[in-house]
Structure formats: C-alpha cells, structure tokens
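Keep the model open beside you as you read.

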Amino acid sequence: MSDLTPQSETPTPTTDKITQAARETIYLCNFRVSVDGEWLCLRELNDISLTPDPEPAHEDPKDPIAIERLNLMNMAKLSIKGLIESALNLGRTLDSDYAPLQQFFVVMEHCLKHGLKAKKTFLGQNKSFWGPLELVEKLTPEAGEITASVKDLPGLKTPLGRGRAWLRLALMQKKLSDYMKTIINRKDLLSEFYEPNALMMEEEGAVIAGLLVGLNVIDANLCMKGEDLDSQVGVIDFSMYLKDGGHSSKSAEGDDQITSILDQKNYVEELNRHLSASVNNLQAKVDALEKSNTKLTEELAVANNRIITLQEDVERVKEESSFQLESRKASSANGQTLGETRKQLKEETLLRLDVERELEVQIGMRQEVELSMKMLEKDVCEKQDSLVELRQQLEDLRAINQQLSHKSQSAESSSKQKSDAIARLEEKINQMSGTIKQLESSDKHLVKQARTLSSAAEKLLQLQQQQ
C-alpha cells in the first residue's frame, strides 16, 4: 500500500479525491485490463503515481481515474460478449442463478458507481446510482412503468437495492441500451450526480451503452421477490475471464451456422419492429394531413363565397354611383345640390376603393390557400409513396424472416440426420468389434487344434521309428 499513498505533505482537495478513489478500487488501478482475443489480460502497473501534476496540459496516460474507466469498459466488453455467447449456446431463458448474468450485473453496478458524488446525510456520506436511473423516467415516459414496479417491490429498503432491481427489469424489457443512451446524452443532468471525469461523463460510457444493444438477442426471466438485493456484495470474478493455457475449445460448424442464423433472425425482427413503428407514425401523419386538407378546403369555399359577395357589392356601388351622377347632372343648376353630390360622390369613391382593396386582399388569400392546398396534396402523395415503399420493405423483411426460419429448420434437421448417422456408425463399429472378437477366439481354437495334431503326429512318428 506504500506505492498507492501520495507523497505530497500538503495534499490538495483534488489529490484527496484521486487517492480515495484509487483506494476504493485498488484492484482496478493496480492492473491494466486489456482484451487478448476473447480473454482477459491483467498487466501490473508498478509505475503508476497517484499524485497528479499541478497543471496537467493533457490527459495523463498514468492517471488512475482514466485507467479505471478503461478497465471497466474492457470488463464490460468481456462480460457482455461472454453473456451473449453462453446464452446462445445454452439455448433457453436465463434465470437469476446464471453466473455470467450475475457477473454482468456486478460489472454494470461498478460502471454506474464510478465517479459518483457522495451525498451527505444524517447517517454519513452515501453513494447510490439510483438517482441517475430515476432521470430515465423524466426523459423517457415509457420507463415510468419500470420505476413504478421497482418502488412497489416488497423488501427493497435502500437506493442500492432499487437500482439493482431497475437494471434487472430493464434487461428483461430489452430496453437497457436505449435507457442508458438516453441518460448519457444528457450530461447536463448527469453532472449533478457524477464527477466530470466519471465513466458516465466520458466516451467510455457511450461505448458501453452501444455494447448493450447486443443483449436484445437474449431472453431473461428474473424473479426478484426472494432476492436480497439490498445487502448483496458486488465483487467482479476475474477467474471467469482469465485465459486457460490448455483451453482449445472450438465450436462445431453446425453450431456456428445455427448461431449466425439466430443472430440474423433477431436482427430482422428488431428491424421489422422499427419499420412497423415508422409505418404507424407515417400513417398518423397522413391522417393529420388529410384532416388539415379538409379544413383548408372548407376555408377556401368560405373565402370564395366572400369574394363573390364583395364583387356583387362593388357592382351595386358602381350602379348607384352612376345613377347618382346622372341625377346630379340633371339638377346642376342648384350649386348647393352639386356640392352635396360631389361630397357623396367622393364618399362613394372612397367606399369603392375600400371595397376594391378588400377584394384584392381576399383574392390574394384565395391564391395562398390554393397554393397551400397544392403543396399539401403533393406532400400527401409523397407520404403515400414512401408508405407504399415501407410496406414493400416490410413484406420483403417478412419473406427474409421466413427464409431464415426455414434455413434454421433445415439446419436442425441436418444436425439430427448427422447425429442419427453417427449412432448407426457406432452400432456398426460395435458389431464389427464383436465379429473381430469371435474371429480371435476361433483363431485361438484352431491354433490349439494344430498344436494337438502336431503332437499326435510326433507320437506316431516315434512309434513308427520304434517298430
């Protein structure tokens, strides 16, 4: 422990934080975790100094916090890859006692705890990743069902237990990757719970969120009513990932084909689900455009009626003004009457100009409505074309899905035929071994008879010689 203690006599607050984090995760910063093919490599780092430079110009490659992030990311890669491979080889729904699944939750717990800010309570300092997970409900409303289920679970008394239950429910719902990406993209909200150099605040968190997409191919059925999630001790078991020198296991060709077919089938189903959602969204948009189109058609009809009414009013005003002019010309002798006529004519002229302006405005509005109607019709046609294309793609994907299912069935039948052939060959081998044993016994019997005959011949020869 002497190399892990900073040599500064007056430690700064940053130095205290780094030293405390390094002591809490000594197994992660004393070794560098890397991936060698499919296995875990632990390389000891004796030259790591936990005292940071006073003014670092860039990220120090020997920074213990950076090493912890890299180690946790590599452990998450190995854990997720091992869980997917073992689950596909197992070929059934996973339960709570499955060891790779337990180790995956332990690794995820360490990733979420990395760089958490300690909250002071009346019982002391408390670090829990339940707070960041509660943000998912605010950012994604569909996650509210998981949060409500966790809060209703009996026996959960601590935030740590609720966070562990949330991870298990999200995995069963096959939404863990989506929820992690949602909160990682909102670093402004995560800064309330994590330090700036925490895993969730750096690019390693985004990498882990991307790796979690692969877990959508496995099915898990976890019962949490009897589990004590509050008091479990989460320790990473490195022995599950260390390379064995004598290990030379290779999967058979048939198993590889079945695994690849299952992966393709799961991918096509996921793509099919996304396309169905996009088709539903486009259908809803088309319905909304049709409603707005109907509303604009009604408004256009009202505007046309208003224009016709204004045109009739203009004609009537013109007729009245011409009639008044003629009548005023007949009584032009009277000056006062002429003045009043001029005044009325001026008023009628102004009224006519106002009506003409209003008519021009209504005509412009009508043209705009017609233009918007044409644009809406064009947009609806484009949406309908894209909807037809998406439906065609959906049909193609369904056909591919059926082909893949037929391929998987044929692969299973071929594997059964191979196993039957192997059984028949083994039966023939057993029959041949029995025949060989019989031949050997008959051979021994013939040898004995030959020896008896030879001894009898010798005796006869001796008798003949004596005679």
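K174 is partly exposed, with a relative accessible area of 32%; here buried means under 20% relative accessible area, exposed means over 50%, and partly exposed is what falls in between, using a 1.4 Å probe and protein chains only. You'll find K174 in the loop between α7 and α8. Helices, by the way, are DSSP runs of H or I with at least four residues, strands are runs of E with at least two, and both are numbered from the N terminus. Leaving out residues up to four places away in sequence, K174 touches N216, I218 and D219, where a contact means heavy atoms within 4.5 Å. Take I218: 44 residues separate it from K174 in sequence, and the C-alpha to C-alpha distance is 8.6 Å.

Before going further, some ground rules. This is a predicted model, in which local features need pLDDT of at least 70 and side-chain atom pairs count only at pLDDT 80 or more, while totals for chains, interfaces and linings use all residues. Residues are numbered from 1 along each chain as its sequence is written, and side-chain values use heavy atoms, with hydrogens and water left out.

How confident is the predictor? The score to look at is pLDDT, the predictor's confidence in each residue, from 0 to 100. Its mean over the chain is 77, and 77% of the residues reach 70 or more. Over residues 1-59, pLDDT stays under 50, and the model has 92 contacts beyond four places in sequence for them. Residues 243-251 also stay under 50, with four such contacts.

Now zoom out. The chain has 12 helices and four strands, and 31% of its 467 residues are buried. If you take contacts between residues at least 6 apart in sequence, 73% of them join residues at least 24 apart. The accessible surface, by the Shrake-Rupley method with a 1.4 Å probe, comes to about 30,300 Å², and carbon and sulfur atoms account for 53% of it.

On to the inside. In soluble globular proteins, nonpolar side chains tend to be buried together. A nonpolar core here is a set of buried Ala, Val, Leu, Ile, Met, Phe, Trp, Tyr and Cys residues joined through side-chain atoms within 4.5 Å. The largest such core has 59 residues, and those with the most contacts inside it are L101, F104, W166, M180, Y194, M200 and L215. The elements giving two or more residues to this core are α3 (64-90), α4, α5, α6, α7, α8 and α10 (203-211), and α3 gives the most, with nine residues. Pick out L101: beyond its neighbours within four places in sequence, it is in contact with L83, L94, D95, L171 and L222. There is also a second, separate core of nine residues, which includes V268, V279, L387 and L397.

Helix α5 (residues 130-139) is worth a look too. Its buried residues are W130, G131, P132, L133, L135 and V136. What covers them includes α4 (99-113), α6 (144-152), α7 (159-172), α8 (176-184) and α9 (187-190).

Then there are the charges. Side chains of opposite charge can pair when their charged atoms come close. A salt bridge here is a side-chain nitrogen of Lys or Arg within 4 Å of a carboxyl oxygen of Asp or Glu, and the structure holds 13 of them. One joins E204 and R69 at 3.5 Å, N to O. E204 lies in helix α10 and R69 in helix α3, so this pair ties together parts that are 135 residues apart in sequence. Both ends count as buried: E204 at 13% relative accessibility, R69 at 3%.

Other bridges stay within a helix. D354 and R357 pair at 2.6 Å, N to O; both lie in helix α12 (residues 335-466), three residues apart, about one turn of the helix. D354 is partly exposed at 40%, and R357 is partly exposed at 48%. Salt bridges that share partners also join E109, K113 and R164 into one network. Within it, E109 and K113 meet at 3.0 Å, N to O, and both lie in helix α4, four residues apart. An α-helix has 3.6 residues a turn, so residues three or four places apart point the same way. Setting aside residues up to four places away in sequence, E109 touches F129, L160 and R164.
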